[in-house]
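Visitor: Please show me the structure, and then let us go through it step by step.

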Amino acid sequence: MPLREFELSLELAVEPGERLALAGPSGAGKTTLLRIVAGLTRPASGRVAIDEEVWLDTAARREVPAERRRCGVVFQDHALFPTLSAWRNVAYGMGGQRRGRRERAEELLGRFGIAALAEAHPGSLSGGERQRVALARALATEPRALLLDEPLSALDPGTRREAQRELQRFLAELPIPVLLVTHSREEAALLADRVAVVERGRIVSEEALRPAGDHRDR
Amino acid sequence: MRLRSGFGLLALVAATIAVAFLVLPVVAIFADVSPGRLLDALGETSAREALWLSLRTSLLAMLIVVVIGTPAAYLLSLRRFRGRALVLTAIELPLVMPPAVAGIALLAALGPNGVLGGWIEDAGLELVFQTAGVVVALVFVSAPFFLRQAIAAFAALDPRLPEAARTLGAGPFRVFATVAVPGARQGIASGLALAWGRALGEFGATLLFAGSLEGVTQTAPLAIFSEFSRPGGFDAALALSAVLIVASALILIGVKLLGADRAIEDPAAEGAR
């Protein structure tokens, strides 16, 4: 039995450097939208494009597979590879020489303040540390866009506030389009420039929180 | 459960009977054969040949089962298609099929007058009364054990992991090799242990399909029966049996250690079990 039955029908554009939050109740279609952008779910009809490149155009029967979109994704539960150490998780999507990969992975982990945990496996990391590894991993491919699905929901309330601020600072510096899903209006206001509220597959309201590219903390 | 309660006592008695019944025959073999007699019996060329043949054919069969079975299990665990339940039941059929029936079925399919017999002959292959036939019989009876476990292990994988790999640029083969197989390795290892154990003990299908030719198709279980049927051959049968028990136990222990070892490397798997 399907949990919900409605058509996902919406249109969104995110500018480079802009952070758009999709808010709304669970089951509204927010995650499905992220999956469509990443290429993990194929809609019956629709179009996804970045700059001049078309990732999906069902009318033209064009579809770029997920592995060739270079679209960074931070999954809700982080989806780190449990058998790989933190640096190997980060290096997974990197090209180039083996030696260089390790250095670059550790450098990325360092940017998130967890270079010391390079050898640790996800099972021994805290929620906050896992989130940072997941972010580092998503960025290691130098993605053209970054998608985050409830990036803070796996954290306990104690670490959540600090992680929120950290993520806010970090996202503000990214020069690529960022699309993030959250069910918290407060979190959307903190992390995004613009928020679109999705209900039953449609955008019911859209609000600019600050001019895109204005990265002042509020 | 309190052991002093009525049911607790009953369960304790049941557990004692179960363990004793399963362990006693194994212990009896070693009680019945002294190390000296064991070595003597193993000194015979036919016994050594049979053991060596069992090892070679079962290893080759396992190689075939793993190389073909692992991607096959991966596909069957991922894809939902019409008739999937039927396919899964069909590949599990050899599990419950009497071994003699398996031998007859193999003859009907691959024997000289079998369905594919002509093709096999045209290809210049010979299976019946050949060592290759033993390998075919072992693959047939042991593969379902492997496939069952591997399919279940792949199906239990967190679907987000392959998806995460894809967003990081991994194509289907890399996802399979670096995410799916490592994630399912415990199920794969236990499936391999079960399949190998089954292959080492294989008797009926091998006998009917490949025969029992010393040095060619007479594996250790067939040699045990051959010795047992020979007047005064019981000692040799006992000795061979003892070796097979040790080999089977080593496989079981090896696989369990492998699983435990990995769990230490990967604390997440420890929590998941």
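**Domains, chains and strands**

Visitor: Into which domains is chain A divided?
Guide: This is a predicted model, in which local features need pLDDT of at least 70 and side-chain atom pairs count only at pLDDT 80 or more, while totals for chains, interfaces and linings use all residues. Residues are numbered from 1 along each chain as its sequence is written, and chains are lettered from A and ligands numbered from 1 in the order in which they are written. Domain bounds come from an automatic or database domain assignment. On that basis, chain A consists of domain 1 (1-70 + 144-218) and domain 2 (83-142).

Visitor: How many residues does each domain of chain A give to the contact between them?
Guide: The centres of domain 1 and domain 2 of chain A, taken over C-alpha atoms, are separated by 23 Å. Two residues are in contact if their C-beta atoms, placed from the backbone, lie within 7 Å. The contributions are eight residues from domain 1 of chain A and five residues from domain 2 of chain A.

Visitor: What radius of gyration does chain A have?
Guide: The C-alpha trace of chain A spans about 45 × 40 × 40 Å along its principal axes. The radius of gyration is taken over C-alpha atoms, and the globule rule is 2.2 Å times the number of residues to the power 0.38. For 218 residues a compact globule would have a value near 17 Å, and chain A agrees with this at 17 Å.

Visitor: How many helices and strands does chain A have, and how many does chain B have?
Guide: Helices (H or I, at least four residues) and strands (E, at least two) are DSSP runs, numbered from the N terminus. Chain A has six helices and nine strands. Chain B, whose C-alpha atoms fill a box of roughly 70 × 65 × 35 Å, has 14 helices and zero strands.

Visitor: In what order do the strands of the open sheet in chain A lie?
Guide: Two strands pair if DSSP finds at least two bridges between them. Strands β2(A) and β3(A) pair in the antiparallel sense over four bridges, and β3 (residues 53-57) of chain A pairs with β4(A) in the antiparallel sense over two bridges. The edge strands, each pairing on one side only, are β2 (47-50) and β4 (62-63) of chain A. The three strands of this open sheet therefore have the order β2-β3-β4.

Visitor: Which residue in the hairpin of β2(A) and β3(A) takes a positive phi?
Guide: In β3(A), E53(A) is the bridge partner of I50(A). Two residues lie between the strands of this hairpin, and the one with a positive phi near 50 degrees is D51(A).

Visitor: Which turn residue has a positive phi in the hairpin of β3(A) and β4(A)?
Guide: D57(A) has R62(A) in β4(A) as its bridge partner, and L56(A) stands opposite E63(A) in the strand β4(A). Four residues separate the two strands of the hairpin, and the turn residue with a positive phi of about 55 degrees is R61(A).

Visitor: Is T83(A) buried or exposed?
Guide: T83(A) lies in the loop between β5 (71-74) and α2 (86-91) of chain A. A residue is buried if 20 or more other C-beta atoms lie within 10 Å of its own, exposed if 12 or fewer, and partly exposed in between, with C-beta atoms placed from the backbone. Because T83(A) has 22 C-beta neighbours inside 10 Å, it counts as buried.

Visitor: How many residues of chain B are in contact with chain A?
Guide: The side of chain A that touches chain B divides into 11 nonpolar, six polar and four charged residues. Those 21 residues of chain A are in contact with a number of chain B residues that comes to 18.

Notes. Nonpolar A, V, L, I, M, F, W, Y, C, P; charged D, E, K, R; others polar.
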